[in-house]
Amino acid sequence: MATVRLLTYVVSVLLVVVFERFSALAAFSQSLDSDFTFTLPAGRKECFYQTMKKDASLEIEYQVLDGAGLDVDFYISSPAGQILYSDHHKSDGMHTVETEDGDYMFCFDNTFSSVSEKLVFFELILDNMDGDDEPEDWKEYVHGTDVLDMKLEDIMDTINSVKSRLGKSSQIQTMLRAFEARDRNLQESNYDRVNFWSLVNLAVMMLVSGVQVYLVRSLFEDKRKICT
Amino acid sequence: MAPVGSCSALLLFFILNIFYGFITALYFHIGETEKKCFIEEIPDETMIIGNYRTQLYDKHKEEYLPATQGLGMFVEVKDPDEKVIMSRQYGSEGRFTFTSHTPGEHQICLHSNSSKFSLFAGGMLRVHLDIQVGEHANNYAEIAAKDKLSELQLRVRQLVEQVDQIQKEQNYQRFREERFRQTSESTNQRVLWWSIVQTLILVAIGIWQMRHLKSFFEAKKLV
């Protein structure tokens, strides 16, 4: 009797541990993402590498936020060295790759521009990095017919769905922030340009009018000297 | 009986998650004297945690191995006003944290502290980097232990933090958009104003030139 109770105790603890582990895994590590903003100097190429597992997916989204033509070359290559996608002089782009095991390399190339440095923003979204762990399997382990257990299941499901939607909102917000930063940088450079060239225009006008008057006067003064 | 099992499982899971998240971090190569900078545009009162791990290329084994003890990295953080808010040296593996007090573009720069040029042996240093911003920087295991929360409470707390972060970001976005609109309107105004002034100046210069030359010619008895 005691051993049966002990066994039940051990089994239920094990079930709870497994249930917690898988459900926690399902909620907290489903999708990993990171974003970086960096300055790409003129005439340089910067490469980044990401280690991936088989059957996961890698989504990369990049934008050029500042710098002359607002464009950059981009390419992504597989662990075997094969170039999967290649963009030429684009200002933004998005690519999704179904991955194999290995290190994927993606590069931003600014070698075509010798004077202007670019401000590049990119975001990496990784999915299914747990590989074989099926987050739905834990449902098989839950044997409770208790109403409370089912309610808990519903609450967990709701929380998971809210979390993933908030994650998506956060990603969209990041994207909007990048667009806004790009437009703002563009507008600020317009402002600087308008100021600068207006002043240059004013100076040139003054100079030219002065030179014109001086030249016309000097024409007549020389003739005077010749006549006498 | 259930809380004990679930607590230890949760703790184990969180430890694994932190370690696991780091293994899949992005990496890049950095030269000896090279400085790599990353820009993070964040609202105020936001915490940023950065983790990095370095590896040095070993010519004999032709692979990247964990760097020697003497090799460290300088981490420098500048706030939007170009003021240095953190400048510290860490070892070959490190973790840096800072909280922003002004909203805007913060710059995080990394460069190696190697003074012996032979150390890199013509290779590059491989740096694995992971930067967590705002809500992602929270250590939920710690929060659970400190506030004695059950898993359900912890998850709801995480959702609340996530929403807080989104709201903070949105407020900051509104502030930036206002600045953007001001710059646009100012540019627009200046373009219009300058065109009018330019026309007036040209007309005035023309009149002045004519009058000046006319009086000059009259003085020279040509007219």
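Two strands are taken to pair if DSSP finds at least two bridges between them. In the predicted model described here, strand 5 (residues 73-78) of chain B meets this condition with strand 8 of chain B, the two being joined in the antiparallel sense over six bridges. Within this pairing, V75(B) lies opposite L110(B) of strand 8 of chain B. Strand 8 (residues 104-112) of chain B is also joined to strand 2 of chain B, by eight bridges, and these two strands run antiparallel. Here F38(B) is placed opposite I108(B) of strand 8 of chain B.

In chain A, strand 2 (residues 45-52) has six of its eight residues buried, so the strand is largely enclosed by the rest of the structure. An antiparallel pairing of eight bridges links strand 2 of chain A to strand 7 (residues 102-109) of chain A. Y49(A) takes part in both pairings: M105(A) is its bridge partner in strand 7 of chain A, and Y27(B) stands opposite Y49(A) in strand 1 of chain B. In a regular strand, side chains alternate between the two faces of the sheet.

Salt bridges were counted over all chains, giving 17. In one of them, E169(B) is bonded to R177(A), with 3.4 Å between the closest N and O atoms. This pair joins two chains, because E169(B) belongs to helix 3 (residues 151-219) of chain B and R177(A) to helix 3 (residues 147-227) of chain A. Both partners are buried: the relative accessible area of E169(B) is 7%, and R177(A) has a relative accessibility of 11%.

A salt bridge is also formed by E41(B) and R184(A), with an N to O distance of 3.2 Å. E41(B) is located in strand 2 (residues 35-42) of chain B and R184(A) in helix 3 of chain A, so this pair likewise joins two chains. E41(B) is buried at 10% relative accessibility, and R184(A) is buried at 4%. Through shared partners, salt bridges connect D35(A), R177(A), E180(A), R184(A), E41(B), E169(B) and R176(B) into one network.

R182(A) is buried, with a value of 14%, whereas D183(A) is partly exposed at 32%.

Helix 3 of chain B also contains Q162(B). This residue is buried, its relative accessible area being 6%. When residues up to four places away in sequence are not counted, Q162(B) touches K163(A), L166(A) and G167(A), together with E135(B).

Helix 2 (residues 140-147) of chain B has Y140(B), A141(B), I143(B) and A144(B) as buried residues. These four residues are on the same side of helix 2 of chain B, because the arc they cover around the axis is only 165°. In an α-helix there are 3.6 residues a turn, so residues three or four places apart point the same way. E142(B), A145(B) and K146(B) are exposed and are carried on the face of helix 2 of chain B that is turned away from its buried side. Just after helix 2 of chain B, a positive phi of about 50° is found at K148(B).

On the surface of chain A, a nonpolar patch is made up of L207(A), V211(A), Y214(A) and L215(A), which together have about 440 Å² of accessible area. One of these residues, L215(A), is situated in helix 3 of chain A. L215(A) is partly exposed, with a relative accessibility of 48%, because the partly exposed class lies between the buried limit of under 20% and the exposed limit of over 50%.

Note on methods. Residues are numbered from 1 along each chain as its sequence is written. Chains are lettered from A and ligands numbered from 1 in the order in which they are written. This is a predicted model: local features need pLDDT of at least 70, side-chain atom pairs count only at pLDDT 80 or more; totals for chains, interfaces and linings use all residues. Side-chain values use heavy atoms; hydrogens and water are left out. A salt bridge is a side-chain nitrogen of Lys or Arg within 4 Å of a carboxyl oxygen of Asp or Glu. Buried means under 20% relative accessible area, exposed over 50%, partly exposed in between (1.4 Å probe, protein chains only). The arc is that of the directions from the helix axis to the C-beta atoms. Contact means heavy atoms within 4.5 Å. Patches are made of residues with over 30% relative accessible area and no salt bridge: like charges are joined within 9 Å, nonpolar side chains (Val, Leu, Ile, Met, Phe, Trp, Tyr) within 5 Å. Accessible areas come from the Shrake-Rupley method with a 1.4 Å probe; for residues, only the protein chains shown count as cover.
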